[in-house]
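Please look over the model shown here before reading on. The report that follows takes up its surface and overall build, then its ligand site, and finally some local features of the chain.

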Amino acid sequence: MSSTLPNTPDYYAVIGHPIEHSKSPIIHAAFAKDTGQYLQYERILAPLDGFVHTVKTLQQQGYKGANVTVPFKFEAFQLAHHLTERAHDAGAVNTLIFSPEGIVGDNTDGAGLVRDIEQNLHIKISGKRVLLIGAGGAAEGVLHPILAQSPALLVITNRTLDKALSMVKKVEEQGDYRYVSVNAYAFEDLSGQQFDIVINATSTGLTDSTLPLPSTIFAPNALAYDMMYGRETPFMTFAYQHGAQVADGLGMLVEQAAEAFFVWRGIRPVTQVIMQQIRAG
Ligand code: ATR
């Protein structure tokens, strides 16, 4: 009797350092179950100087792809033989596809953030005033996907203003988003400005540092979105205190995973259930 099920699963992994905290294996296991896909997904700790070797080993072992997390997203960008447009725009890669033509590098982080805001939180970015806090890798990764939604205005603010200014300059030079007003401001020059969506893409949640934001920064019914997840950050506490609707980055984590799953498997999993399960602990 013949069976339509393959004998062995397709293998995927998430590569990082550290990696033991990663929730990606449980998320992808839930997606596989939900969609009836036969795959296995594991965590792999790569040595800090051993990312390329780790990827090549997985390829030789017949893995179909991998996610890449801190601190290897830029190395993954450099390693890929082909980049998707969004990976090119982000300057970083979080999803690798091992294809017969070589390694394809993609970036699903920005799509995950946009999907969480628009589909899960039901807030349209189009026409809104958006403040992006931070100018590191996390901010770069979501900049273009946010701009592609046509906000009325995008302001980037960062402790080191020069980095925010050079992000704005790059966008201007590219010229793809001429209809969006894109500016950079120092924290101290934000007073008097109000935003509908405020996104914290800094790493301040890791160190419990506060950001010197004016208390009037949130427009009525504003969304305050912290790309970190796992606990309430000082930015989230500040946003609660000043009347904003607050979201952490768990939805983005699950949605970027769903987007990677879609890239690999061609099928979009349901995200609500696993999101609720992780929240419930
Ligand atoms: P990631 O990949 O998480 O973006 P990163 O590239 O190191 O990490 O960027 C960290 C971001 O958090 C930067 O925007 C950084 O500001 P600087 O460019 O001025 O370094 C920001 N950040 C980190 N600690 C901060 C703090 N205590 N206050 C304000 N911003 C901070």
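## Surface and overall build

The protein exposes about 13400 Å², of which carbon and sulfur atoms supply 51%; accessible areas come from the Shrake-Rupley method with a 1.4 Å probe, and for residues only the protein chains shown count as cover. The model is a predicted one, in which local features need pLDDT of at least 70 and side-chain atom pairs count only at pLDDT 80 or more, while totals for chains, interfaces and linings use all residues. Residues are numbered from 1 along each chain as its sequence is written, and side-chain values use heavy atoms, with hydrogens and water left out.

Of the 281 residues of the protein, 52% count as buried, where buried means under 20% relative accessible area, exposed means over 50%, and partly exposed lies in between (1.4 Å probe, protein chains only). The radius of gyration, taken over C-alpha atoms, is 19 Å, which agrees with the value near 19 Å for a compact globule of 281 residues; the globule rule is 2.2 Å times the number of residues to the power 0.38. Along the principal axes, the C-alpha atoms fill a box of roughly 70 × 40 × 35 Å.

The protein has 11 helices and 12 strands, these being DSSP runs numbered from the N terminus (helices H or I, at least four residues; strands E, at least two). Among the contacts with a separation of 6 or more, 67% are between residues 24 or more positions apart, a contact meaning heavy atoms within 4.5 Å.

## The ligand site

Around the ligand there are 14 residues, of which Ala-138, Asn-158, Arg-159, Thr-160 and Lys-163 come nearest; a residue is near a molecule if one of its heavy atoms lies within 4 Å of it. This shell divides into 3 nonpolar, 9 polar and 2 charged residues, with Ala, Val, Leu, Ile, Met, Phe, Trp, Tyr, Cys and Pro counted as nonpolar, Asp, Glu, Lys and Arg as charged, and the others, Gly among them, as polar.

Oxygen atoms of the ligand lie 3.0 Å from a backbone N or O atom of Ala-135, 3.0 Å from a polar backbone atom of Gly-137, and 2.9 Å from a polar side-chain atom of Arg-159. Taken alone the ligand exposes 640 Å², and the protein buries 70% of that.

## Helices and their surroundings

Helix 6 (residues 137-147) is mostly covered, with 8 of its 11 residues buried; among them are Val-142, Leu-143, His-144 and Pro-145. Ser-24, in helix 1 (residues 24-35), counts as buried because its relative accessibility is 7%, and, leaving aside residues up to four places away in sequence, Ser-24 touches Val-14 and Tyr-41.

Phe-262 lies in helix 10 (residues 250-265) and is partly exposed, with a relative accessible area of 34%.

Most residues other than glycine have a negative phi, and most peptide bonds are trans. Another cis bond joins Val-70 and Pro-71, with omega about 0°; Pro-71 lies in the loop between strand 3 (65-68) and helix 3 (73-79).

Ser-150, although not a glycine, has a positive phi of about 60° and is found in the loop between helix 6 and strand 8 (153-157).

Definitions and conventions: A polar contact is a pair of N or O atoms within 3.5 Å; within protein, one must be able to donate a hydrogen and the other to accept it, and residues adjacent in sequence count only if both atoms are side-chain atoms.
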